[in-house]
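Work through each task before reading its solution.

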Amino acid sequence: MKILYVTSEAVPFCKTGGLADVAGSLPPALAEQGAEVAVILPLYARVRDRFGSQMKFECYDYVDLAWRHSYCGLFSMEKDGVTWYFLDNEQYFNRGTLYGQADDGERFAFFSRAVVRMLDRLKFWPEVVHCNDWQSALVPIYLKDDGVREDRFRSIKTVVTIHNVEYQGRYNPYVLGELFGLDAGWVKDGTMLMDGDVNLLKGAVLCADAVNAVSPTYANELKQPYFAHRMEGIMRQCSDKLSGVLNGIDMKLYDPRSDERILKNFSAEDMTGKDACKAELQRMVGLREEPHTPIVAMVSRLVSHKGLDLICEVLHDMMELPMQFVVLGTGDQRYEEFFHWAAQQYPGRMVVRLDYNEDLSMAIYAGADLFLMPSKSEPCGLSQMIAMRYGTLPIVRETGGLKDTVQPHDDYNGVGNGFSFTNYSSGDMLHVIREAVYLYKDYPDLFGNLRQRAMACDFSWARSAREYLRIYATITGQTWPIHTDTRRAAETPEEESAPVVETAPIEEAVSVEDPAPVEETAPAEEPAPVVEAVPAEEAAPIKEPAPAGETAPVEEAVPVEEAAPAEESAPVEEAAPAGGKPAKKARKTASKAAKAEKKTSAKKGTAGKKKSAE
Ligand code: GLC
């Protein structure tokens, strides 16, 4: 399988957010499973400065975009089994920052055009081009546009991953020809038009063969107006090719057994090192050195969608609990001021560092007891997974990836790996924080068991890579994976004890079904992939999106979609109790029931609705 991964940032070369973490880790994980992978990204000034000496100059060419005829250099580097390509154009990329410039539209149109232009200069002709967010959203559109004239472009299948739907690449329709070199038909037929703007992400979603969000719950949320930033109609329209694939974390980099950034190493079997890390954290930041007081921590950008308003509302009630509170992050002035002021009210019990500090963040992951993420929305989120790895139990609001990675504790059945609340309500958050604090203080054994389960979770990239390979297989019609049996067998014990992330993602969201019979590729002992629950007749191969010209006038479709009854958005999965094996069973049953129900009446979700009303 030959995959070209297109991204506007990737660790270790350049980073502004989570996309860079994904782009830095997923391609090597795909390569490890036997795929041939190349990544392509712009050669920004900072990348050239730091990595230029390790790169090889491959060639150059000229890229035609509207009336512009621009130079494009191609550099490459081999790393982690992947070829990393860098596109060079000083006018566009020799700048101090990655984004936020007046000509971003032109810059990333050039990037996307250049990716397609340079395809036959790469080490392979890709079977799949995998794009990310609005910056590379024009790639599937250009491939369709060129595909009208040249067969070879039609041979390429495309995937678009949405990391955050808030950023869509919206422009005045008048620039379509001038900036993007596209014919007016792309706007006239509605493919790239939304709310009167040219919308690159919308165009990509319609043109791509598969679309995915970075968690199953977020994939579902994208069909709801509250989360979708006007894209809900399109996402519903494309739900047959929409899925959710949870991101992973680098399990080697974040390993309390070997991490050199923390004071003392520890493991689920021997937690004494964590006590030392806690004492060290208290000393470092100036909290009272109380070993039996739970430390609640936040490491976060201080912006609204992280749910900080909830904390502002009930901070004083929180601080009446027998806990300490440490906050690390920078962001909006109003939150910075609030936290700065609040910390002064609770000397020795609450500490705020308005800073971006990698070392301190590791000391917090290792030393704290509870990790608070009350986000309003969170496409995937990374911190909660890192925290769990270090035995710091997450307290999250059930949204996006937080819902998919954190399973509320159920001591009676001995399941769960953290604490969660459903409604965006400060009262509910406070209730759960109280529950967590008193579980720590009054039931240390139960708290310890919960820690063990959190630390055993499998958040590896290998798991996500397998899901992406399944999507690639679906759209290319290939059978995959074929090389992973040994690796999977080796992982099985850990997977057994980590039910949460291996659990089948939300049934509705995962509609990119593998046409290959699952039993053929999956060894019997493996957790059943989602598709198993799908009756054969429903496992139809993904639909070919209609060629751009044939796309239904989407603008018209939007209001209709929006009028869809609310219960459709209630995830069927909510009807299933959270849990390990019992929950898996329940979910399977629920999803089977849901499938059956879908057959008879397409838009009912009463079970989910009832549950969410509870
Ligand atoms: C975005 C999302 C974040 C996600 C990351 C990587 O930054 O906001 O939740 O983890 O992308 O996909």
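**Exercise 1. The ligand shell**

How far is an oxygen atom of the ligand from a polar backbone atom of G381?

Solution. The model is predicted: local features need pLDDT of at least 70, side-chain atom pairs count only at pLDDT 80 or more, and totals for chains, interfaces and linings use all residues. Residues are numbered from 1 along each chain as its sequence is written, and side-chain values use heavy atoms, with hydrogens and water left out.

Step 1. The distance between the ligand oxygen atom and the polar backbone atom of G381 is 3.0 Å. A polar contact is a pair of N or O atoms within 3.5 Å; within protein, one must be able to donate a hydrogen and the other to accept it, and residues adjacent in sequence count only if both atoms are side-chain atoms.

Step 2. C380 also places a polar backbone atom 2.9 Å from an oxygen atom of the ligand. For E378, a polar side-chain atom lies 3.0 Å from a ligand oxygen atom.

Step 3. The protein covers 85% of the 310 Å² of accessible area that the ligand has on its own (Shrake-Rupley method with a 1.4 Å probe; for residues, only the protein chains shown count as cover).

Step 4. Around the ligand are G18, L19, V22, H163, N164, V214, N247, E378, P379, C380 and G381 (a residue is near a molecule or strand if one of its heavy atoms lies within 4 Å of it). This shell divides into five nonpolar, five polar and one charged. Here Ala, Val, Leu, Ile, Met, Phe, Trp, Tyr, Cys and Pro count as nonpolar, Asp, Glu, Lys and Arg as charged, and the others, Gly among them, as polar.

**Exercise 2. Aromatic pairs**

Classify the ring pair of Y44 and F93, then follow F93 to F110.

Solution. A pair of aromatic rings is described by the distance of the centres and the angle of the planes. Rings of Phe, Tyr and Trp (its six-membered ring) pair if their centres lie within 6.5 Å; planes under 30 degrees apart count as stacked, over 60 as edge-to-face and the rest as tilted.

Step 1. The structure holds 24 aromatic pairs. In the pair of Y44 and F93, the ring centres are 5.8 Å apart and the planes stand at 80°, so the arrangement is edge-to-face.

Step 2. Y44 belongs to the loop between β2 (36–42) and α2 (45–51) and F93 to helix α3 (residues 90–93), so the pair ties together parts that are 49 residues apart in sequence. Helices (H or I, at least four residues) and strands (E, at least two) are DSSP runs, numbered from the N terminus.

Step 3. Y44 counts as buried at 1% relative accessibility, and F93 counts as buried at 0%. The classes are buried under 20% relative accessible area, exposed over 50% and partly exposed in between (1.4 Å probe, protein chains only).

Step 4. The rings of F93 and F110 have centres 6.1 Å apart and planes at 50°, so this pair is tilted. With F93 in helix α3 and F110 in helix α4 (residues 104–117), the pair ties together parts that are 17 residues apart in sequence. F110 is buried, as is F93.

Step 5. Ring pairs link Y44, Y92, F93, Y99, F108, F110, F111 and W134 into a cluster.

**Exercise 3. Charges over rings**

Over the face of which ring does R113 lie?

Solution. The criterion is NZ of Lys or CZ of Arg within 6 Å of the ring centre and within 35 degrees of the ring normal.

Step 1. R113 lies over the face of Y142, at 4.3 Å from the ring centre.

Step 2. Y142 is one of the buried residues of α5. In helix α5 (residues 138–147), nine of the ten residues are buried.

Step 3. R68 lies over the face of W67, 5.1 Å from the ring centre.

**Exercise 4. Backbone details**

Solution. Step 1. P12 is in the loop between β1 (2–6) and α1 (18–32).
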